[in-house]
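Please walk me through the ligand site of this model and the helix beside that site.

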Amino acid sequence: MIRLGLLGWPLAHSLSPKLQNAALSAVGLEGEYKLYPVDPAQPEKLAEFVNKIRAGELIGLNVTIPYKQSVIPYMDVLTPAASRIGAVNAIYLREGRIVGHNTDAFGFETDLQNKSGKILNEPGTALVLGAGGSARAVISTLLEFSWKVTIAARNVNQARLLRQSLAQEKYADNLDCILLDLEDLRHFINNLRLIVNATPVGMFPQNNYSPWPETLPFPSGAFVYDLVYNPNKTLLVKQTEAAGLSGANGLGMLVEQASQGFEIWTGRPAPRDVMYSSVAGSIN
Ligand code: NAP
């Protein structure tokens, strides 16, 4: 019996059980993926769950907000991805050691490459909107591929802190920070080849909002990747299409990051098509 689950708070809207339970049954494995809400007033529960993996009661866990960083002290070892990103979203046991991994960078890289015709292989200048947890995975991936990155955040100090904490990264000198507003963006859009939204702006039910100012033209030829996947067509994706540009929402990233977790925990290839179909009906 493969017992898996998700630690976080709140968890009610998570699509992970649908993705993982559909995958388990599609490959004929007996198992279950359950939600394990951990009240922020009882963070000691994190250790209890990690010990269940050590004891073999659970095969693996995903971790989401607000524990992606606070779970790190309970890990015996971090994978290079988790250590680079500074956050753990997948846990498993290998050779008696608790391993903390991060699948977001893999999900972003794989889906962006699939949707954009491998844009990452031809480094250029990218703009990342937002400076939170997912921005970190995105930026760290872009730096790995030698891109120059400007972080645009409504709180520019948050962007500066993020830049500082990535200072050890390869090519960290390629990072810049600006305020996420019309005037600052206007000066940075020339020559941009990639725009990534790593803010929740536009996420259901805020469908009529976009992080991209309405009056600002998009740089010609840029690819626009929106990490938001619900609604399926975010206002940013609609703006992109209206400007004649190519882009994608974050559903593929969600499925790819879940697929990597599934493959680590079960040792089986993830049935990606089944996983897509399992969540398609839950998206507005
Ligand atoms: P996070 O850690 O909370 O970071 C969000 C960032 O967006 C912060 O910099 C935040 O700034 C900024 N922000 C929030 N509201 C804003 C607004 N109204 N205007 C401008 N900036 C705003 O969240 P996250 O984990 O990075 O997630 C961000 C989005 O990506 C969410 O919608 C999430 O669902 C999505 N996501 C998708 C995938 C996928 O697989 N497709 C994976 C991870 C995340 P403040 O700190 O000032 O609030």
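A polar side-chain atom of Ser134 sits 2.6 Å from an oxygen atom of the ligand. That is a polar contact, meaning a pair of N or O atoms within 3.5 Å. Arg154 makes another: an N or O atom of its side chain is 2.7 Å from a ligand oxygen. Ala131 uses its backbone instead, with a polar atom 2.9 Å from an oxygen of the ligand. Taken alone, the ligand exposes 920 Å², and the protein buries 73% of that. These areas come from the Shrake-Rupley method with a 1.4 Å probe.

This is a predicted model, where local features need pLDDT of at least 70 and side-chain atom pairs 80 or more, while totals for chains, interfaces and linings use all residues. Residues are numbered from 1 along each chain as its sequence is written, and side-chain values use heavy atoms, without hydrogens or water.

Now the shell. Around the ligand are 20 residues, each with a heavy atom within 4 Å of the ligand. Gly133, Ser134, Arg154, Gln158 and Gly250 come nearest. By class, 12 are nonpolar, 7 polar and 1 charged; Gly counts as polar here. Helices H5 and H9 (251-266) each supply at least two shell residues. Helices are DSSP runs (H or I, at least four residues), numbered from the N terminus.

H5 spans residues 133-144. Its 12 residues reach 17 Å from first C-alpha to last, close to the 16 Å expected at 1.5 Å a residue. That expectation is 1.5 Å times one less than the number of residues. How many residues of H5 are buried? The count is 9 of 12, where buried means under 20% relative accessible area. Among them are Arg136, Val138 and Leu142. Ser146 follows H5, with a positive phi near 65°.

Note on methods
Buried < 20%, exposed > 50% of the residue type's maximum accessible area, 1.4 Å probe, protein only. Polar contact = N/O pair within 3.5 Å; in protein donor to acceptor, adjacent residues only side chain to side chain.
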